[in-house]
Amino acid sequence: MTSSEIAYDFSPHLRVYRDGRVERLEGTATVPPSYDQNTGVLSKDVAISASTPRLSARVYIPTETTIYNHSDANRKKLPLLVYFHGGAFCVETPFSPMYHDYLNSLVSEADVVAVSVHYRRAPEHPLPAAYDDSWTVLEWVSSHSGGDGPDEWLSAYADLRKVYVAGDSAGGNIAHHMGLRFGCALKSKTSSWVGGIDLRGIILVQPFFMGNEPIGNERTNLATRSLLVGLWRLACPSATDGCDDPRINPEKDPRLSSMGCARVLIFIAEKEVQREREWLYRDLLVKSGWEGSVEVIEAKGEGHQFHLFHPTSDDAVSLMRRFVSFLKENEIGRG
C-alpha cells in the first residue's frame with residue numbers, strides 16, 4: 001500500500017514519500033534514438049555494464065562524416081565527447097527531448113562522436129553511484145582504443161586521442177570529478193585502462209558546486225540556496241560535512257592540482273545562484289598548482305541552464321559556438 005504522506009518536497013523537481021516512493025515532477029518525458037533530419041545526426045542506445053543493468057548511454061554520430069563517407073581508408077576519426085546531463089543528480093535523463101535535441105545540435109556543429117551517459121540517479125541510488133557509473137563509462141570508452149571495442153560506432157569513428165568530458169549543472173560536477181579521478185589514476189597508475197584515452201579537456205556548464213557558508217548570489221536568493229542544499233543532502237546522505245564535502249565544494253578538495261587534462265572551459269550565467277562558486281572554482285584551479293589553462297565565459301543577464309531552455313537565443317547560440325570551438329581545439333588562454 002502506497003503512502004500519500006510526503007517526506008521531502010523539492011518541488012518543482014521531485015517529491016519523496018514516507019514509503020520511499022519517488023515522484024519526479026520534471027525530466028520524465030523521453031524520446032527514442034533516431035536519425036535527426038535537421039542535423040543529420042544518428043543516435044542509438046547502448047548497454048554499458050552487465051553488472052549494472054541501469055547503466056547505459058545514448059551514442060551520437062554525425063552521418064555526413066561517418067557512415068556516408070564510404071572511403072574507409074581516408075576516413076578521419078572524430079573527437080569523442082562524453083556528456084553528463086544535469087538535474088541535481090536526481091532528475092532528467094539523456095533521453096529527455098531537451099538533452100536529446102541539444103546533443104543532436106552539438107554533435108552536428110562540432111563534428112564529434114558523443115556518448116551521453118545515463119547514470120543511476122538519487123535518491124534511489126545515492127552518490128557515489130553517479131560518479132562510479134560515469135567512471136565505468138570512461139573505462140568502457142577506453143576499451144575501444146584498439147579499434148575493436150564492443151561498440152561498432154566508437155571503434156570505427158571515435159578518436160580516443162581526442163576525448164573531452166562535459167556536463168551541465170550536476171553533470172558539470174560529475175565532469176569535474178571525472179577529470180580529477182582521471183588525473184589521479186594517471187599519477188598512481190591504479191587503473192591501467194586510462195592509458196587508452198587522451199583526455200584533452202573538460203567543459204563545465206554552470207556546474208553544481210556549493211559550500212556551507214553562503215557567498216555572492218547565495219546570500220540574496222536564500223530560498224533557491226535552501227532548495228539546492230536540500231537536494232544535495234538527498235543525493236548524498238553520506239556527506240557528513242554537508243555542503244563542505246569535497247564532492248560538492250572544490251575548495252575542500254586537496255586533489256585539484258591533479259586535474260587530468262590541459263584545458264578547462266567554464267560557462268557561467270550571471271543570475272544563477274552558484275555564480276560566485278563557479279568563479280571561485282576557476283581561482284582555485286589556477287592557484288592549485290595545476291599546470292593547465294582555464295577559461296571562463298559569463299552570460300550576462302542569464303539564469304541557470306538558459307542554453308537548454310532557450311537554445312536559439314543569442315546567448316545560447318554564443319555558448320554553443322564557444323563550446324564547439326573548444327572541441328575543435330582552438331587555443332585558449334588563462335582567462
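User: In which sense do strand β1 and strand β2 pair?
Analyst: This is a predicted model, where local features need pLDDT of at least 70, side-chain atom pairs count only at pLDDT 80 or more, and totals for chains, interfaces and linings use all residues. Residues are numbered from 1 along each chain as its sequence is written, and side-chain values use heavy atoms, without hydrogens and water. Strands are DSSP runs (E, at least two residues), and helices are DSSP runs too (H or I, at least four), numbered from the N terminus; two strands pair if DSSP finds at least two bridges between them. Strand β1 covers residues 6-10 and strand β2 residues 14-17, with four bridges between them, and the sense is antiparallel.

User: Which residue is the bridge partner of R15 in β3?
Analyst: β2 also runs antiparallel to strand β3 (residues 22-24), joined by three bridges. In β3, R15 has as its partner E23.

User: What is the phi of G20, in the turn between β2 and β3?
Analyst: β2 and β3 form a hairpin, with four residues between them. G20 sits in that turn, and its phi is positive, about 95°.

User: How many helices and strands are in the chain?
Analyst: The C-alpha trace spans about 60 × 50 × 45 Å along its principal axes. Buried residues (under 20% relative accessible area, 1.4 Å probe, protein chains only) make up 56% of the 335 residues. The chain holds nine helices and twelve strands.

Notes
Buried means under 20% relative accessible area, exposed over 50%, partly exposed in between (1.4 Å probe, protein chains only).
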